[in-house]
There are 2 protein chains.
Amino acid sequence: MTPDVLALVSSRFRALGVPARLEILNCLRAGERTVSELVEETMLGQANVSKHLQLLHATNFVSRRKDGLFVYYALADESVFLLCDLMCGRLVAESEARQRLLAAR
Amino acid sequence: MTPDVLALVSSRFRALGVPARLEILNCLRAGERTVSELVEETMLGQANVSKHLQLLHATNFVSRRKDGLFVYYALADESVFLLCDLMCGRLVAESEARQRLLAAR
DNA sequence: TGCTTCTACAACCATATAGTTATATACTGT
DNA sequence: ACAGTATATAACTATATGGTTGTAGAAGCA
């Protein structure tokens, strides 16, 4: 585990460590979207969405396709959701553990 | 995807978004460790390690066990490494894609 | 009862970055 | 060429947090 690898891996986790970006990725789950569509769907500011998309693109989570005035963003691959599902699975497990503790009292 | 869930999931990704914490988790892969052992292995400051461990414990990535003067930390479960392996898989795929681009020139 | 060691915590500083505002850039249509 | 629209970018603020230093608290031992 060299420092470079550690830095790379952690930067990818950090890319998913912001609610706004998870929301954007979740929107893209339904298919590619233009920036303005994402702005509308997420209620975030245009510049804000644009910045998040730059980062998600730089970290290879989304791909881009320009068509005239519009830029279409899409999920680079499905592995993002494997990650999210794993993380959600952890949360469910925690919540169940809490339930068991409550029930045991 | 409610804001609460988004906040929870993103906070867990954020927990893995710091090189120092990945390093600590990596050390724990070999088995449980005391704080001072982790300090020695990672070359991080004691207070720093302690703070990271608090966060990793609060986010259920590690468990703790106190024995006399020492506190032993251990991985809460193996799913952390599923996450890391997935993320590393992404990096490998990216790197291979870059290689292909270079080779194609 | 001290004295030592291990861990946690508080207070602080420095830095990274999320979000906003304003503007620049790129493209389309008239 | 000009006007309008979509996206990106620059500049800025506010905030969160990683790391450090110093200290407090807990447990063992003389």
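The tour goes from the chain pair to a sheet, then to the DNA strands and a single residue.

**Before you start**

This is a predicted model: local features need pLDDT of at least 70, side-chain atom pairs count only at pLDDT 80 or more, and totals for chains, interfaces and linings use all residues. Residues are numbered from 1 along each chain as its sequence is written, while chains are lettered from A and ligands numbered from 1 in the order in which they are written.

**Stop 1: chains A and B**

Select both chains. The copies use the same surface: 100% of the contact residues of chain B recur in chain A. Two residues are in contact if their C-beta atoms, placed from the backbone, lie within 7 Å.

Now select the contact between the chains. Chain B gives 28 residues and chain A gives 28 residues. On the side of chain B that touches chain A, α1 (3-15), α2 and α5 (79-104) of chain B each give two or more residues. Helices (H or I, at least four residues) and strands (E, at least two) are DSSP runs, numbered from the N terminus. Color α5(B): its ten residues are the largest share of that side. By class, that side has 18 nonpolar, five polar and five charged residues. Here Ala, Val, Leu, Ile, Met, Phe, Trp, Tyr, Cys and Pro count as nonpolar, Asp, Glu, Lys and Arg as charged, and the others, Gly among them, as polar.

**Stop 2: the sheet of chain B**

Select the strands of chain B. Three of them form an open, antiparallel sheet in the order β1-β3-β2. At its edges are β1 (33-34) and β2 (62-67) of chain B, each pairing on one side only. Two strands pair if DSSP finds at least two bridges between them. Strands β1(B) and β3(B) pair over two bridges, in the antiparallel sense. Click B:Thr34: its bridge partner in β3(B) is B:Tyr72.

Next, show helix α2 (residues 19-28) of chain B. Helix α2 lies across β1, β2 and β3 of chain B, and runs at about 90° to β3(B). (Axes are lines fitted to C-alpha atoms, for helices over the stretch in contact, and angles run from 0 to 180 degrees between N-to-C directions.)

**Stop 3: the DNA strands**

Which residues come nearest to DNA strand D? Among the 22 around it, they are A:Thr34, A:Ser36, A:Ala47, B:Gly45 and B:Ala47. A residue is near a strand if its C-beta atom, placed from the backbone, lies within 6 Å of it. Helix α4(A) gives six residues, the largest share of this surface. The surface divides into twelve nonpolar, eight polar and two charged residues.

Move to DNA strand C. It has 20 residues around it, and the closest are A:Gly45, A:Ala47, B:Thr34, B:Ser36 and B:Ala47. Here α4(B) gives the most, with five residues. This surface has twelve nonpolar, eight polar and no charged residues.

**Stop 4: A:Ala15**

Select A:Ala15, in helix α1 (residues 3-15) of chain A. Is A:Ala15 buried or exposed? A:Ala15 is buried, because 22 other C-beta atoms lie within 10 Å. (Buried takes 20 or more such atoms within 10 Å, exposed 12 or fewer, and partly exposed is in between; C-beta atoms are placed from the backbone.) Leaving aside neighbours within four places in sequence, A:Ala15 is in contact with A:Arg21, A:Leu55, A:Leu56, A:Thr59 and A:Phe61.
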